[in-house]
Amino acid sequence: MGNDGGPEVSIRRSMERAVAFTTMSGRGQIAIGGLGLVAALAAMRTTTDGQWLTVWLCAAVLAVAVSLWTNRLKAMRLDLPLWSGPSQRFALGFCPPLVAGAVLTVVVYGSPLSDRLPGIWLLIYGASVAAGGAASIRLIPLMGAAFIATGIAALVTPAALGDWFMAFGFGVLHIVFGIPIVRQHGG
């Protein structure tokens, strides 16, 4: 029989599978929400589609960096492994819809549907959060559902409201869901 790490490793792996992903930082979500509000205000002031897209892509890159950094800080503070089984399952659910969103962005940008990117992004991001949230605390799939609802609303209302929906989704929703994560789940 090979050395599988002994009973301690087996117990730890079983516990990781049973525990919800808790290293998501509520403080990070709040910071991302603030970034989303700033990006929405900046996007509303752009004069070309290229400038608008640049604002939102820069905001997305910064949001990823903030999320990774704040999640790492929370994991270290709580002495939890950042890339445990639950966080890996979160990433496996979260990333595929984002890849689909990136592909849709390339296809849609510059077409007559470009003005629908806010709804598409909110819908896809909601699907990402909901899918990743299956391995997380109960609040995260609810956050995904709120983004999906916001994306649907953005798609069925006049396209001129897109940045307002982006401000609500990527700004307000991150803040609203970040606060209880801070209060109830260790920051």
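In this predicted model, the largest nonpolar core holds 32 residues, and among these W56, W121 and F170 touch the most other members. Two or more residues of this core come from each of helix 2, helix 3, helix 4, helix 5 (117-133), helix 6 (139-156) and helix 7 (162-184). Once the neighbours within four places in sequence are set aside, W121 is in contact with W52, L53, W56, T105, M166 and F170, a list that includes both W56 and F170, which are named with W121 as the core members touching the most others.

One of these partners, W56, also takes part in the packing of helix 2 against helix 3. Helix 2 (residues 26-44) and helix 3 (residues 49-77) lie with their axes 9 Å apart and at an angle of about 170 degrees; because an angle over 145 degrees counts as roughly antiparallel, helix 2 is described as roughly antiparallel to helix 3. On the helix 2 side the contact includes R27, G28, Q29, A31, I32 and L35, while the residues they and others meet in helix 3 include W52, V55, W56, A59, L62 and R77. Sorted by class, this contact has 14 nonpolar, five polar and two charged residues.

Another partner of W121, T105, belongs to the buried residues of helix 4, together with G85, P86, S87, F90, G93, F94, P97, G101 and V108. Helix 4 (residues 85-108) has 24 residues, and the 35 Å from its first C-alpha to its last is close to the 34 Å expected at 1.5 Å a residue. Just after helix 4, G110 adopts a positive phi of about 90 degrees.

Methods
Residues are numbered from 1 along each chain as its sequence is written. This is a predicted model: local features need pLDDT of at least 70, side-chain atom pairs count only at pLDDT 80 or more; totals for chains, interfaces and linings use all residues. Side-chain values use heavy atoms; hydrogens and water are left out. Helices (H or I, at least four residues) and strands (E, at least two) are DSSP runs, numbered from the N terminus. The expected span of a helix is 1.5 Å times one less than its number of residues. Buried means under 20% relative accessible area, exposed over 50%, partly exposed in between (1.4 Å probe, protein chains only). Axes are lines fitted to C-alpha atoms, for helices over the stretch in contact, and angles run from 0 to 180 degrees between N-to-C directions. Angles under 35 degrees count as roughly parallel, over 145 as roughly antiparallel, 65 to 115 as roughly perpendicular and the rest as oblique. Contact means heavy atoms within 4.5 Å. Ala, Val, Leu, Ile, Met, Phe, Trp, Tyr, Cys and Pro count as nonpolar, Asp, Glu, Lys and Arg as charged, and the others, Gly among them, as polar. A nonpolar core is a set of buried Ala, Val, Leu, Ile, Met, Phe, Trp, Tyr and Cys residues joined through side-chain atoms within 4.5 Å.
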